[in-house]
Amino acid sequence: MCGQWHSADGLGRKSRRPPLALLVLSVALPVRTGTIFPVVDESNLSEAVAALKRAVRVVVSSGAGMSKESGIPTFRDALEGLWARYDPAELATPEAFQRNPDLVWAWYIERSEKLCTVQPHAGHYAIAELEGLIPEVVVLTQNVDGLHVRAGSRDVVELHGNLERFKCSADCRGRPTVIDLSTISYSKDHAPPCPYCGARVRPDVVWFGELLPPEAVERAFEEARRCQVMLVVGTSGAVQPAASLPVEARRAGAVVIEVNPAPSFITPTAHIFLQGTAGTVLPRLVAALRAEQEESP
Ligand code: OAD
């Protein structure tokens with residue numbers, strides 16, 4: 001049934017909850033949608049503007065490429081990507097944290113502190129500006145850097161958590177047991193104990209093999225089914241469940257527009273591929289939409 005998830009309870013009840021596999025962070029197989037979903041045009045800005053102009057609900061789905069021009073590296077860039085330089089199995093899994101909490105802590109604290117030195121760029125601001133041009137805009141992001149919120153986007157769903165938030169690794173007072181680092185003493189190279197139970201404090205980000213925040217992933221799929229346009233920016237589409245959002249949107253009838261300097265696993269699902277960086281394409285796209293609306297509201 002298009003646009004509906006089926007429950008795994010074996011009773012045949014329909015549920016709008018994504019299946020369990022899509023609640024866990026995992027590396028995706030290439031998303032294949034077959035030849036019935038051809039890429040319509042390589043860089044057709046005016047077609048993208050026309051689709052946005054017709055839309056009442058727009059979803060922006062962003063990944064690490066969105067923040068690259070703010071100075072935050074992506075993950076899978078062959079040379080500079082974080083996973084080209086670091087092993088995710090040693091840094092981004094619960095097992096890694098159990099084995100070596102201080103190493104994982106130090107890596108995340110360093111990344112967290114770097115956020116104070118970066119700023120949203122023109123692409124983030126362009127997305128925030130969409131809210132003045134389209135009745136409903138939701139940002140679904142895999143990014144943990146908070147830059148969409150800092151740029152002024154008001155409805156941001158953080159699928160993979162937030163690098164500036166920390167929690168008890170045992171979630172001793174409920175999920176998540178958020179710990180405000182300004183209330184405890186800690187050093188950069190030692191994961192501090194939870195003030196309530198003594199388990200280590202960890203970043204409130206989603207690691208491989210972990211469940212995504214269920215309310216975030218449910219909202220994300222709901223929004224994917226409801227939107228008329230999904231604008232996918234700066235993601236390789238290599239990680240589930242975020243990689244399934246454009247597929248879900250397209251199945252439900254949305255126009256999928258991808259912004260990326262290079263084709264990705266998302267590209268076969270996109271109707272319109274706008275080749276270029278977030279910082280160059282998004283301001284042009286939003287300016288063209290604004291001009292079009294002013295000309296013929
Ligand atoms: P990736 O590093 O896998 O992909 C980044 C994408 O951004 C690629 O498709 C690039 O071509 C594109 N890109 C590069 N520069 C860009 C620019 N200036 N503007 C627009 N696009 C650009 O990052 P994600 O797809 O976000 O999870 O990765 C998904 C998840 O995998 C991350 O959230 C992270 C990682 O492991 C965790 O750490 C848990």
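**Close-up views of a predicted model**

**View 1. Asp-171 in the loop between β7 and β8.** Asp-171 counts as partly exposed because 15 other C-beta atoms lie within 10 Å, a number that falls between the 12 or fewer of an exposed residue and the 20 or more of a buried one. In this predicted model, the phi of Asp-171 is near 45°, which is a positive value in a residue other than glycine. Most residues other than glycine have a negative phi.

**View 2. The cis peptide bond from Arg-175 to Pro-176.** The loop between β7 and β8, where Asp-171 is found, also holds Pro-176. The peptide bond that leads from Arg-175 into Pro-176 is cis, and its omega is near -10°.

**View 3. The open sheet of three strands.** The strands follow one another in the order β8-β7-β9, and their pairing is antiparallel. Because β8 (178-179) and β9 (201-205) each have a single partner strand, both stand at the edges, and one side of each is left without a neighbour in the sheet.

**View 4. The pairing of β7 with β9.** Strand β7, which comprises residues 161-168, runs antiparallel to β9 and is joined to that strand by five bridges. Within this pairing, Gly-161 stands opposite Val-205 in β9. Strands of a sheet pair through backbone hydrogen bonds, in either a parallel or an antiparallel manner.

**View 5. The cis peptide bond from Gln-240 to Pro-241.** Here the peptide bond between Gln-240 and Pro-241 is cis, with an omega near 5°, and Pro-241 is found in the loop that lies between β11 (239-240) and α9 (245-251). Most peptide bonds are trans.

Note on methods. Residues numbered from 1 in each chain as written. Predicted model: local features only at pLDDT ≥ 70, side-chain atom pairs only at ≥ 80, totals over all residues. Pairing = 2+ DSSP bridges. Helix = DSSP H or I, 4+ residues; strand = E, 2+ residues; numbered from the N terminus.
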